Amino acid sequence: MRSRVTLVLAITAVVLGGVLLVPTAYARLASDDGSGGGGGGTSSVAAPAPAPPPPPTLAAGPVSVSFKGEFFSWALLDRKTGKISGSPNMTATSSTESMIKAWIVSDYLRQLGDKEPSAAMKEAARVAIVDSNDGAANKVYAAAGGSYKVPPNGLPGPVIQRAIKICGLTDTKRGNVPKYEGWWSFTRMSPRDAVRVGDCIADGKAAGPKWTKWVLDQMSKVRGTTAAKDQKASSGGGRWGIIDGLPKSITAQGPVSIKNGWTPIYGDGTWHVNCLAVTSKWSLAVMLRYPIRTGLDYGAKVCASVTTQLVTPQPGAALKVPQQPVGKL
């Protein structure tokens with residue numbers, strides 16, 4: 001009898017609880033679908049804010065330059081994907097001139113490992129990049145194991161051979177000017193290989209873990225213009241070219257490390273001008289040969305023009321944002 005009374009009481013409690021719960025649940029549903037209180041049957045959902053566009057960078061694209069000279073070539077390496085794009089002749093070679101100094105310094109410092117160079121050698125390495133000082137570069141080249149003797153096997157000297165091996169170069173060869181064949185400045189390199197060297201310096205293979213940041217920092221501090229006052233017999237101002245073609249929206253993202261090379265070549269009547277720049281996102285090289293009478297400024301402006309045309313998105317370009325439909329429940 002007692003258990004039967006207990007069962008009846010339990011059933012009664014469940015039924016009453018259900019009566020109490022159902023209106024509460026109904027009220028909640030009515031509130032969620034907007035049908036309670038206001039009389040409206042639907043509600044609009046605001047479209048999500050569009051994701052901000054990626055910051056400007058350099059990316060593969062068409063380049064048009066009205067170039068007056070015998071050699072014009074460029075290459076761009078996307079450091080995220082490793083893809084190289086450029087002019088149809090980006091595998092053709094020209095003399096590196098002082099552009100190769102960034103590798104020479106890196107090769108020397110990598111061989112030191114964790115050791116510190118002498119104060120004099122560290123200063124030589126610094127001004128070889130910052131002021132493109134030839135005498136300082138020669139000291140570093142010799143300390144790295146370089147020699148002006150022409151190897152008998154037709155290959156470049158050991159410093160350049162290491163660049164080929166460590167950076168995966170495919171087009172680089174020793175100079176082909178008989179009187180200067182063993183000189184580092186006459187090493188023949190393509191823009192495709194030059195951007196590989198830039199990437200090799202930036203990713204740490206060239207200078208090693210201790211010295212990579214130092215080398216990139218010196219390259220970001222290159223100074224001096226194309227003006228005659230900044231151009232000396234064995235050093236010169238090298239802050240021009242690619243750096244001038246970059247908008248503030250890119251330079252503000254982080255340091256741009258550069259090393260240019262430029263020489264009015266003895267005897268052939270041409271400027272050999274090369275521009276190299278590397279950031280965390282890309283590596284760009286432009287290589288030129290053109291008549292000396294045209295001047296150094298001309299080459300600097302060509303390098304800048306190529307750079308500006310590769311900026312993506314172009315400054316002032318309208319950003320198309322897809323329209324988001326307004327959803328309804």
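Colleague: What makes up the largest nonpolar core, and which residues have the most contacts inside it?

Modeller: The largest nonpolar core has 79 residues, and those with the most contacts inside it are Leu 58, Trp 103, Val 105, Val 215, Trp 282 and Leu 288. A nonpolar core is a set of buried Ala, Val, Leu, Ile, Met, Phe, Trp, Tyr and Cys residues joined through side-chain atoms within 4.5 Å. This is a predicted model, in which local features need pLDDT of at least 70 and side-chain atom pairs count only at pLDDT 80 or more, while totals for chains, interfaces and linings use all residues. Residues are numbered from 1 along each chain as its sequence is written, and side-chain values use heavy atoms, with hydrogens and water left out.

Colleague: Which residues does Leu 58 touch?

Modeller: Not counting residues up to four places away in sequence, Leu 58 touches Leu 76, Leu 246, Ile 250, Trp 282, Leu 284, Thr 307, Leu 310 and Val 311, where contact means heavy atoms within 4.5 Å.

Colleague: Why is the link between Arg 79 and Asp 199 called a salt bridge?

Modeller: The term requires a side-chain nitrogen of Lys or Arg within 4 Å of a carboxyl oxygen of Asp or Glu, and the side chains of Arg 79 and Asp 199 meet at 2.6 Å, N to O, so the pair is a salt bridge. This pair links distant parts of the chain, 120 residues apart, with Arg 79 in the loop between strand 3 (71–78) and strand 4 (84–86) and Asp 199 in helix 6 (residues 191–202); helices (H or I, at least four residues) and strands (E, at least two) are DSSP runs, numbered from the N terminus.

Colleague: Why does Asp 199 count as buried, and why does Arg 79 count as partly exposed?

Modeller: Buried means under 20% relative accessible area, exposed over 50%, and partly exposed in between (1.4 Å probe, protein chains only). Asp 199 has 17% relative accessibility and therefore counts as buried, whereas Arg 79, at 23%, counts as partly exposed.

Colleague: Why are helix 2 and helix 3 called roughly antiparallel?

Modeller: Helix 2 (residues 101–112) and helix 3 pack at an angle of about 160°, with their axes 9 Å apart. Axes are lines fitted to C-alpha atoms, for helices over the stretch in contact, and angles run from 0 to 180 degrees between N-to-C directions. Angles under 35 degrees count as roughly parallel, over 145 as roughly antiparallel, 65 to 115 as roughly perpendicular and the rest as oblique, and the two helices are therefore roughly antiparallel to each other.
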